[in-house]
Amino acid sequence: MDGKINTCGCTCIRKADNGDCEEEKCGFEYSSLSQASSCPIPKPPQWAPLLQIPYAEFRSAKTDSNTFPDLPDASCRSEGTCPVTVLFTGNNATLGKAWTKNMFPETLSIGKDDIWDDGRSAISLSRVPRSLNLASNAYLQYMKPGAQMPFEFTKEMPKGETKISIDLSSILGTLFFTWVTLQLFPVILTALVYEKQQQLRIMMKMHGLGDGPYWLISYLYFLTISVIYMLCFVIFGSAVGLKYFTLNDYGIQFLFFFIYVNLQIAMAFLVAAIFSDTKTAAVIGYIMVFGSGLLGNFLFQLFVQNPSFPRIWVMVLELYPGFALYRGLYEFGQYATKASLLGMEGMKWADLSESRNGMLEVLIIMFFEWWVLLFVAYYIDQIVSSGGAKGPLFFLQKSRANPPSFKTAIISMKRNGSEVFVEIEKPDVREEMLGVYSDPSFFPQRKNVEKLVCEPSDSHSIICHNLRKIYPATDGNPEKLAVKGFNLALSPGECFGMLGPNGAGKTTFISMMIGLINSTSGTAIVQGLNMATDMDKIYTSMGVCAQYDLLWETLTGREHLLFYGRLKNLKGDALTQAVEESLKSVNLFHGGVADKQAGKYSGGMKRRLSVAISLIGDPKVVYMDEPSTGLDPASRNTLWNAVKQAKQGRAIVLTTHSMEEAEALCDRLGIFVDGNLECIGNPRELKARYGGLYVFQMTTTSDHEDEVEGMVKGLSRKATKIYQISGTIKFEIPKGDVRIADVFQAVENAKSRFPVYAWGLADTDLEDVFIKVARRAQGVDHVLS
Ligand SMILES: Nc1ncnc2c1ncn2[C@@H]1O[C@H](COP(=O)(O)OP(=O)(O)OP(=O)(O)O)[C@@H](O)[C@H]1O
């Protein structure tokens, strides 16, 4: 037994004592070698079929260790215990090679020499495979090297195949493509909810974008995106040769996807009307995506493929857009698979009338549902976005005669001889307060508004008449009377500053004026239009800088201004020029800042952009809620200059906590306390009316404090001590009681009698006025409550 292969291709496996070969093994190499005449005639292998796999199991026929019952060695029954050789016989060995490679990718390597002339091939496997899939007309012969009798199993396929072609798109398509198509749903939904959550929708509305145009623009935008997305989807699918797309008629595919994306947008609008938080909406959106796909897969496999299941229930399922999508894609998949196997065309227009084809019913359902959902979404949105102003039957209210305009109401009151009475507070409170303040000029605004009410004119940009806001009781908190009857008349070119402590009701007032919330009662006329009936028209001449920056994080400053400028009907060069001037006026023009995304702006930059937005497009009335919050002194000066310039020809209402800002910008100031306007006038008037005092301060040693007090009392008997600590004493002295020269003289005398380390005489400033008015009002409120 030398193990050498002789010229006949045989190996001696047993030698006689004389050295001759007693037994040779020619193996399977015999036919690949040129055979000498002396070579023994090889024995053909004894193949016997051991395993029969029915055709029905064509795709998934499997063998396991039990399918090799004739393996002579028990140790060979389990995977990996002994090497084996597999023989293939078929139309050609390449087929066997390709097939086997597919089955045993880890263990198989087949070379050119492995293919025999008779078309068979032999491959050595390092282990017994656990399972086998037979996919060709090959005989598979399985033998263990060295075995006396080869063992084998044979599988003969019923018909010859030249190529294994599995079109995955047709098999996986329905579920996978359902998910791909539905991916747009959460995108549209979150975009819509984001605009609502960030109050960008109301911001757009405030700048003149009505509900109708908003819906139209948004709808067309999402439709364009969806159509492009679906076109790319079908084009790419076709380009890579997915039969799902290439075999079915493109016209039907276009119609199906077009109707579906419209339905999907309508559904996103509907769901967006219900949610106001982006994160919740995104979670719901993705649950709908995956749920629709998986549930659709489960239900339709179960029901559609079961002919005994009532068809009407399938149609009920299809009323849910996600399932309708699944069903349509399922039909495309069915037609593509059939066409691929039988080598014919997929779904054609004529096939729509086939009774088992659900495409037509899906198209009809989706088409009608698209319009129904759109209508319902618009209806719900009108109710939800109105903040309670519109009830479920708002369309009936609209059809009624228009409510009488403000002017008409006044004229009719005059005709009836009734006295026009403007109620500022409940009568008892009013009397009480008049008693407390005993100053009729305390309510000049009421008189002014009364006059305007009686003699309506267009000379005022804003007229507020007894505007009240009561927030309803929520979460166990009682209702809140935030604005208690506000009266204001504001002319063009005037800047009105609202001062007041936190919670005074300033933001509530502005929110009512910009239509963010509805007033509980009262009337406001802006540019001659009644807010209750003509808010949409008022929006076109209004600019708003809200307390919080309402910006799109992904848009640049310039894009924001271009967008809002367009809403204000600016076009072409006028728009470009207005945007550039606006950017310059708030110092956002230079250094590429204008083209940075607003999300990357600092707080101060966002604030300046908000102010620029409020002023673009020449609005006649501008509301600014604490515009300079968070600005550094330089930026604040820039902003002030912008507002001063913007005052020309416009009425501006501005709330602020900065007395400096109020004095710098406002022509008139109103101090608001606990929902009431406590005083109104220009800064100097207010200081004169509520100040009227000098503040005298002196620092000496502790043992001379009495002498300082005596000196001040000598100047004015009405002087009141307001502060005393460690030798520093402060007095308020009525201005009318004292001459400044006398104060200087008294101080000089005092210096000669005791040490004076420092002294000062100051006029009252706006801050003193503010504190005084607020304290007094809160004191009165406290008494009244
Ligand atoms: N949605 C609401 N529901 C109930 N109460 C509210 C609501 N919004 C505001 N309020 C209450 O109304 C009052 C006025 O609030 P508002 O925000 O108008 O005050 P403000 O003067 O703007 O305060 P700040 O200077 O702090 O901005 C406060 O007591 C506030 O708690």
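This report covers a ligand shell, one of its residues, and a pair of helices.

The model is predicted: local features need pLDDT of at least 70, side-chain atom pairs count only at pLDDT 80 or more, and totals for chains, interfaces and linings use all residues. Residues are numbered from 1 along each chain as its sequence is written.

Tyr-471, Lys-480, Ala-482 and Gly-500 are among the residues around the ligand; such a residue has its C-beta atom, placed from the backbone, within 6 Å of the molecule. The shell divides into 3 nonpolar, 6 polar and 2 charged residues. Here Ala, Val, Leu, Ile, Met, Phe, Trp, Tyr, Cys and Pro count as nonpolar, Asp, Glu, Lys and Arg as charged, and the others, Gly among them, as polar. Helix α16 gives the most, with 3 residues. Helices (H or I, at least four residues) and strands (E, at least two) are DSSP runs, numbered from the N terminus.

Tyr-471 lies in strand β6. Tyr-471 counts as partly exposed because it has 15 C-beta neighbours inside 10 Å (20 or more is buried, 12 or fewer exposed, in between partly exposed). Ala-482 is 11 residues away in sequence and 7.0 Å away in space, C-alpha to C-alpha.

Elsewhere, two helices pair up.

| Helix | Residues |
|---|---|
| α24 | 705-715 |
| α25 | 740-753 |

Their axes, lines fitted to C-alpha atoms over the stretch in contact, with angles from 0 to 180 degrees between N-to-C directions, come within 11 Å and cross at roughly 155 degrees. That makes α24 roughly antiparallel to α25 (over 145 degrees).

Conventions
Parallel < 35°, antiparallel > 145°, perpendicular 65-115°, else oblique.
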